Amino acid sequence: MRAVQVQEYGGPEVLRTVETEVPEPGPGQVSVDVAYTGVNFADLKARGEGYRVPSLPFVPGLEVSGRVRALGEGVSGVEVGQEVAALTNGGAYADVVVADATTVFPLPSGMDLRTAATLPTVLPTAYALVHAVGRLQPGETVLVQGAAGGVGTAVGQLAKAAGASGVFGVVSGAAKAKYALNHGYDDVFVTPSTNSTASTNSANSTTSTVSAGFVDEVRAATGGQGVDLALDPVGGETFRASLASLAVFGRLVSFGNASSAEPWRVGQPELYPTGLSVSGFSILTLAQTAPDALRALTEQAFAAVAEGVVSLPVTAEFPLEEASEAHRLMGGRTSTGKLLLRVA
């Protein structure tokens, strides 16, 4: 079978298509003939710096859609040939992948394999950020970093459906801001590398340059109060700015460290004065520590898709052999929505 391997860490050019043996499922596992594979920022970090890589060579990829190929000992609830989506520990850039049965999900009626490939990581993450961890309530406000990415696209829609009175996003360019405004956001702040910040409002599509950073703009958009919930996958200075954007009793959820900054630390001086709280979320870690909770979360997220509450547009699709091009597009910070690899 074909697989895309990382044999050394580096840029997109280190991704190489090789022929390798078909993996067999062990006890409690399922093998899947892959139709589509989702591309995630975690794949880029794995390729470039070894994020969650046990050893080399390594096949990236955390989510697939396809058909069940074989069942390991003790597996029930799915059948050979059944269409499924699956969350994996890696190995998804391939014709066949093995996943734990607890993270293999039969598709809802009427859902196609292309749509299903967008779901296993992004939708449960977004659903958890809004509901299970973020606990967003009707009438509250939310600030989302990376509003035009996969998780950001889903969060904007879920937050609006949950009754948020203001959904605010942060992106890296004006084109991304316009995209985000079509997916639930009321106001989007642009923070390009020049350190200037611009705001694009759904009621006024013009873009105007304002002061550096987004904290002042968030305060202005919320009448000086700040937001009730901030969601941050970036870390570093962005994490600190998100914390500074919170209202009294506000909540911040960290769900990544795209900046590769030092792990965040926050304590009494930051939290006590206005009763703030900080929490974290990782779907990959939850899959290992609380698979039953992940399964319930995923079923709720898939139901939201089936009911039309949220959708995640596929904005680019590449053949498996062109995985490096998908990485270049995502790494260039110009992509929006979801990127897929077409395998079968």
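**View A. Trp264, with a relative accessibility of 36%, counts as partly exposed.** Buried means under 20% relative accessible area, exposed over 50%, and partly exposed in between, using a 1.4 Å probe and protein chains only. Please keep in mind that this is a predicted model, in which local features need pLDDT of at least 70, side-chain atom pairs count only at pLDDT 80 or more, and totals for chains, interfaces and linings use all residues. Residues are numbered from 1 along each chain as its sequence is written, and side-chain values use heavy atoms, with hydrogens and water left out.

**View B. The structure contains three aromatic pairs.** One of them joins Phe168 and Phe189, which are stacked with 6.4 Å from centre to centre and 25° between their planes. This pair bridges distant parts of the chain, since Phe168 belongs to strand β9 (residues 166-171) and Phe189 to strand β10 (residues 187-190), 21 residues apart. Phe168 is buried at 7% relative accessible area, and Phe189 is buried at 1%. Another pair brings back Trp264: its ring centre is 4.9 Å from that of Phe239 and the planes meet at 15°, so this pair is stacked too. Phe239 lies in helix α7 (residues 236-244) and Trp264 in the loop between β14 (246-254) and α8 (268-271), so the pair ties together parts 25 residues apart in sequence. Phe239 is buried, with 1% relative accessibility. For these views, rings of Phe, Tyr and Trp (its six-membered ring) pair if their centres lie within 6.5 Å; planes under 30 degrees apart count as stacked, over 60 as edge-to-face and the rest as tilted. Helices (H or I, at least four residues) and strands (E, at least two) are DSSP runs, numbered from the N terminus.

**View C. Ser242 is another residue of helix α7.** Ser242 is buried, at 1% relative accessible area. Beyond its neighbours within four places in sequence, Ser242 is in contact (heavy atoms within 4.5 Å) with Gln145, Phe214, Ala230, Asp232 and Leu252.

**View D. Thr141 sits in strand β8 (residues 141-145).** Its relative accessibility is 11%, so Thr141 counts as buried. Leaving out neighbours within four places in sequence, the contacts of Thr141 include Phe168, along with Leu136, Ser165, Gly166, Gly226, Val227, Asp228 and Leu229.

**View E. Helix α1 (residues 41-49) has Asp43, Leu44, Lys45, Ala46 and Arg47 among its buried residues.** The buried residues of α1 pack against β1 (2-6), β2, β3 and α11 (323-331). The axes of α1 and α11 lie 10 Å apart, at an angle of about 105°. That makes α1 roughly perpendicular to α11. Phe41, Asp43, Leu44 and Arg47 of α1 make this contact with His327, Met330 and Gly331 of α11. Axes are lines fitted to C-alpha atoms, for helices over the stretch in contact, and angles run from 0 to 180 degrees between N-to-C directions. Angles under 35 degrees count as roughly parallel, over 145 as roughly antiparallel, 65 to 115 as roughly perpendicular and the rest as oblique. Look also for the charged end of Lys45, which sits over the ring of Tyr51 at 5.9 Å from its centre; this applies if NZ of Lys or CZ of Arg is within 6 Å of the ring centre and within 35 degrees of the ring normal. After α1 comes Gly50, with a positive phi near 80°.

**View F. Nine of the 11 residues of helix α3 (residues 122-132) are buried, so α3 is largely enclosed by the rest of the structure.** The buried residues are Val122, Leu123, Pro124, Thr125, Ala126, Tyr127, Ala128, Leu129 and Val130. Helix α10 (residues 291-306) packs against α3 at about 100°, with 9 Å between the axes. The two helices are therefore roughly perpendicular. On the α3 side the contact is made by Leu123, Pro124, Tyr127, Ala128 and Ala132, and on the α10 side by Leu297, Thr298, Gln300, Ala301 and Val305.

**View G. Gly26 occupies the loop between β2 (15-19) and β3 (29-39).** Gly26 is buried at 18% relative accessibility. Apart from neighbours within four places in sequence, Gly26 is in contact with Gly72 and Glu73. The C-alpha atoms of Gly26 and Val98 are 8.6 Å apart, although 72 residues separate them along the chain.

**View H. The protein has a mean pLDDT of 92, with 94% of its residues at 70 or more.** Residues 193-212 have pLDDT below 50, and this stretch makes 46 contacts in the model beyond near neighbours in sequence. The pLDDT is the predictor's confidence in each residue, from 0 to 100. Where pLDDT is low, the predicted coordinates should not be read in detail.
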